[in-house]
Amino acid sequence: MAPAESHAHFQLQRQASREHVDVPLLVRRERLLRIQKMLDEHGPVLASAVQADFGMRSPLLTEVADFFVLRSLLSHTLRHLGRWMKPKKVSTPLVLQPASAWIARQPLGVVGVISPWNYPVQLALAPAITALAAGNRVMLKPSELTPHTSAQLAALVAQFFSPDEFCVVQGDANLAALFASLPFDHLVFTGSTAVGRKVAQAAAQNLTPTTLELGGKSPCIIDGHCDMKDAALKIAHGKLLNAGQTCIAPDYVLLPPALQAAFIEKARAWVAQHYPNLAANRDYSHIINPTQLARLQGYLQQAAADGAEIVPLAADAANPSSGNSTLLPPHIVYNAPAHSPLMQEEIFGPLLPLVPYQQLNEALEYIRARPLPLALYVFGKTQAQIDHVLHNTVSGGVSVNDTLFHVAQENLPFGGVG
């Protein structure tokens with residue numbers, strides 16, 4: 001899409017939002033029901049587009065991680081929207097009586113959404129659903145790294161919505177930069193920290209409020225008394241969902257050295273059970289593109305060069321990717337030095353470092369010395385130990401004795417610290 005066309009869409013939505021400030025409940029519900037109808041009628045087409053973008057990604061994963069999450073969000077929002085919209089009366093001090101006061105929630109106007117590639121339907125439409133529920137107009141810029149999905153979203157949104165309600169603009173990073181510089185009433189970005197800084201800088205020129213969901217290095221803590229089989233299978237599941245291309249995926253595991261061998265054994269058994277014949281397994285996602293694959297392979301090679309031990313978790317992990325395949329088998333890495341890119345950068349792939357600790361407080365100090373994580377996972381049997389971890393760390397969200405599932409709790413807020 002040409003820059004002039006993006007400006008034209010923005011001006012159209014801005015004018016509509018200023019002319020129709022009050023957006024009744026019935027209008028908001030009807031817009032949400034159109035998204036629901038779009039998913040119900042065209043879900044298979046969108047799933048095929050996601051598969052085409054990844055080369056290999058299970059349609060079941062797209063059904064659960066994209067469509068089910070969106071349907072749950074729609075159901076929750078439709079159920080509560082009327083109550084959320086009601087004005088809230090607040091008490092009035094005696095000196096101001098007989099006046100009364102209340103808080104009325106109004107639409108902001110035009111909300112921009114820049115969405116990522118890893119869950120390209122869910123992470124595009126979820127912010128749009130919440131913005132439409134709040135009575136806003138929405139402009140969506142999906143990732144150029146998932147061109148098939150982005151094109152389908154653009155076509156379907158144009159089919160179900162008028163451009164002054166909800167529209168999709170497509171383009172590369174240059175268009176994304178222009179998009180972020182538009183004077184939105186609010187801008188939502190999901191993606192890497194590096195790009196998030198650029199988005200925030202562009203939005204700051206217009207004093208546009210931003211919501212930035214930037215991922216990070218989410219740790220797992222295993223204490224010495226946990227059920228190792230349970231911990232290993234839940235961490236492996238959380239790590240290997242979408243081949244680790246998940247913002248809240250476990251990034252590394254802190255555990256006592258004596259438990260490392262047992263953890264590796266249990267994780268390897270879980271992979272053998274759930275992803276047999278990895279090279280041909282249709283349930284194991286591939287890496288999104290060769291650039292991301294090369295980045296992850298570089299992390300492994302650098303860690304090995306720095307003296308880390310690389311442990312493959314799949315029997316056919318030694319098979320190199322052939323042809324245009326972007327398959328990357330899962331690996332555990334331990335004794336990677338702190339300066340290794342694997343330990344410095346968000347991994348976003350099926351590589352799992354193990355970090356040994358002697359005392360639990362040593363693990364907590366390790367976490368506190370680094371940027372506050374988006375998610376934290378603690379595994380243990382002793383409530384006192386679990387409470388000690390929760391009271392001495394800060395993170396966006398926590399699952400205890402599991403991974404990922406806090407994000408599925410609609411009544412909990414989601415996001416990182418700040």
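Tutor: Rings of Phe, Tyr and Trp count as a pair if their centres lie within 6.5 Å. The model here is predicted, and it holds eight aromatic pairs.

Student: Why is the pair of Phe 161 and Phe 166 called edge-to-face?

Tutor: The ring centres are 5.2 Å apart and the planes stand at 70°. Planes over 60 degrees apart count as edge-to-face, so that is the name for Phe 161 and Phe 166. Both Phe 161 and Phe 166 are buried.

Student: What makes Tyr 252 and Tyr 366 an aromatic pair, and of which kind?

Tutor: Their distance is 5.7 Å centre to centre, and the cut-off is 6.5 Å. The angle between the planes is 65°, and over 60 counts as edge-to-face. The pair of Tyr 252 and Tyr 366 is therefore edge-to-face.

Student: Why is this pair said to tie together parts that are 114 residues apart in sequence?

Tutor: Because Tyr 252 lies in strand 9 (residues 250-255), whereas Tyr 366 lies in helix 12 (residues 360-368).

Student: How do you know whether Tyr 252 and Tyr 366 are buried or exposed?

Tutor: Buried means under 20% relative accessible area. Tyr 252 has 4% and Tyr 366 has 19%, so Tyr 252 is buried and Tyr 366 is buried.

Student: What makes Arg 370 a charge over the ring of Tyr 366?

Tutor: CZ of Arg has to be within 6 Å of the ring centre and within 35 degrees of the ring normal. Arg 370 lies over the face of Tyr 366, at 3.5 Å from the ring centre. Arg 57 likewise lies over the face of Phe 54, at 4.9 Å from the ring centre.

Student: Why is Ala 303 called buried?

Tutor: Its relative accessible area is 0%, and the limit is under 20%, so Ala 303 is buried. Ala 303 is found in helix 10 (residues 290-305), and its contacts include Ile 310, Val 333 and Leu 342.

How values were computed:
Residues numbered from 1 in each chain as written. Predicted model: local features only at pLDDT ≥ 70, side-chain atom pairs only at ≥ 80, totals over all residues. Heavy atoms only, no water. Phe/Tyr/Trp six-rings, centres within 6.5 Å; stacked < 30°, edge-to-face > 60°. Buried < 20%, exposed > 50% of the residue type's maximum accessible area, 1.4 Å probe, protein only. Helix = DSSP H or I, 4+ residues; strand = E, 2+ residues; numbered from the N terminus. Contact = heavy atoms within 4.5 Å. Lists of a residue's contacts leave out its neighbours within four places in sequence.
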